[in-house]
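Dear colleague,

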Amino acid sequence: MKKNSFFFIAFLIIGFCCKETACFSQITDETEILKDDPIAAALDSLTTLSLFEKGYVKINYPKFSRYNFGPDSIPTYDESVMAERLAQIDAASPFDLRYNSVVKGYIQLYALRRRELVARVMALSQLYFPMFEQQLDKYNLPLELKYLAICESALNPLAKSHAGAMGLWQFMYPTGKMFGLKVTSYVDERCDPYKSTEAACQYFKHLYDIFGDWQMVLAAYNGGPGTVNKAIRRSGGKKTYWEIRPFLPKETQGYVPAFIAVNYIMNYTSEYNLYSAIPKKTFLQVDTITIKQQISFTQIAAVLDITEDELKYLNPTYRKGVIPASINEKNVLTLPSHKMGAFINNEEAIYNYYKNTIATNNEKLVPEQATKIHTIRKGESLTSIAKKYNCSVTALKTWNDLKSNKAIPGKKLTIITNSAPDDNVVSAPKKQLENSLVIDAEKIKYYVIQKGDTLFKIAQKQQTTIEEIKRLNNFSTKYTLLPGKKIKVGVM
């Protein structure tokens with residue numbers, strides 16, 4: 001045994017022999033949360049979630065707050081007050097919701113240091129908590145478990161941990177597979193809000209059957225049952241979380257205190273002057289429909305006048321922006337409720353949007369594809385590269401798993417030359433592209449935008465394509481159609 005390992009184990013044994021209160025003063029005096037703490041990292045992931053406006057989140061402050069706090073007021077309380085409040089919650093809970101310095105540290109994280117992000121969590125809870133509660137009730141599980149998803153992912157359905165766990169409930173690949181969550185090149189059911197919640201409920205019941213204690217279930221959910229069993233053995237056979245806590249990995253040591261802190265904060269938001277951001281969608285504002293054919297977010301967005309970012313947020317299961325279809329699978333599309341009627345009325349038009357590029361075999365996700373390798377040259381941008389290969393920047397980023405629009409000279413990019421359905425551009429005939437470079441103003445066909453027009457409607461009226469209109473008018477991914485404005489729609 002290495003000398004350092006010997007002293008480390010000796011330290012743990014000495015610490016464990018202390019009285020419980022003394023142990024807490026040594027082991028849990030962590031009121032400052034580390035920057036790389038996974039709980040804090042989950043919250044921070046919300047800063048890049050496209051659901052919220054970058055740099056600004058509108059908080060839904062009431063006209064008259066319960067305690068007459070100003071919008072910028074950040075209340076603080078004595079530890080005795082926090083301990084008493086937590087004791088009241090604990091009295092009605094099957095969890096051991098005790099107060100100590102570690103719990104205090106996480107309360108400060110939520111109430112003081114990440115207030116804006118907590119406002120975002122509160123907004124997201126209006127979409128997910130009703131569904132969580134339905135599923136938890138179905139399995140006869142404590143409803144407090146809904147707060148666990150805040151610790152796991154901060155309710156970000158696209159959250160990914162450094163270890164590769166995914167989704168609202170942060171399933172690792174093997175655990176997700178064990179509970180029936182499918183992962184393919186196009187679908188990751190760990191990110192499916194409904195299916196992953198169902199799997200999480202089954203996992204909770206499985207863990208409770210093993211440990212018979214909800215605090216231990218929380219620890220096992222985070223660290224794995226094997227990790228908890230090892231901690232039990234190292235502790236000399238102790239069976240409660242706080243007794244085995246010193247022998248758990250550091251991440252799991254903070255996990256249960258964070259859960260306790262979330263229970264506290266979510267029950268006392270008004271007392272801390274915490275109010276929800278305005279939610280993009282609530283549980284009652286979305287609906288689902290089973291799709292009949294393979295379909296891409298680009299198709300849906302073009303016809304229904306909805307952004308691909310919103311579709312991605314509401315349908316995080318689909319990794320490439322494509323909802324596959326096959327005889328044996330039923331894949332579901334989630335839409336804002338007010339868009340559902342438009343989808344049903346225009347369903348065939350949406351399916352046929354890429355009629356020349358969608359694979360005809362339902363079992364086959366995309367057509368056969370040829371690839372090229374492009375080495376980025378100095379001065380090139382993703383936009384210029386996309387134009388060169390007649391594709392979109394979004395497609396380039398998807399093919400190469402790029403997180404930003406930065407083009408790094410020398411980096412090699414994979415280019416798929418036979419466009420897949422998740423590509424944002426329909427290739428125009430080569431001759432048409434060549435001619436469009438030298439068109440003269442007298443040959444341009446114009447259209448005056450009418451109220452209620454979308455690019456899809458205009459393209460149908462003028463017997464052209466959305467991509468052609470975008471190209472002629474140099475429309476970027478973000479564009480506005482102003483009634484009365486004249487745009488180019490073709491060449492006469």
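A search of the whole structure finds 18 aromatic pairs, where rings of Phe, Tyr and Trp (its six-membered ring) pair if their centres lie within 6.5 Å, and planes under 30 degrees apart count as stacked, over 60 as edge-to-face and the rest as tilted. Trp-169 and Phe-204 are edge-to-face, because their ring centres are 5.8 Å apart and their planes stand at 80 degrees. Since Trp-169 lies in the loop between helix 7 (148-153) and helix 8 (173-178), and Phe-204 in helix 9 (residues 193-211), the pair ties together parts that are 35 residues apart in sequence; helices here are DSSP runs of H or I with at least four residues, numbered from the N terminus.

Both Trp-169 and Phe-204 are buried, that is, under 20% relative accessible area with a 1.4 Å probe, counting protein chains only. Ring pairs also link Trp-169 and Phe-204 into a cluster whose members include Tyr-128, Phe-171 and Tyr-221.

There are charges to look at as well: the charged end of Arg-85 sits over the ring of Tyr-268, 5.1 Å from its centre, and that of Lys-486 over the ring of Tyr-446, 4.9 Å from its centre (NZ of Lys or CZ of Arg within 6 Å of the ring centre and within 35 degrees of the ring normal).

Please remember that this is a predicted model, in which local features need pLDDT of at least 70 and side-chain atom pairs count only at pLDDT 80 or more, while totals for chains, interfaces and linings use all residues. Residues are numbered from 1 along each chain as its sequence is written, and side-chain values use heavy atoms, with hydrogens and water left out.

Best wishes

Methods:
Helices (H or I, at least four residues) and strands (E, at least two) are DSSP runs, numbered from the N terminus. Buried means under 20% relative accessible area, exposed over 50%, partly exposed in between (1.4 Å probe, protein chains only).
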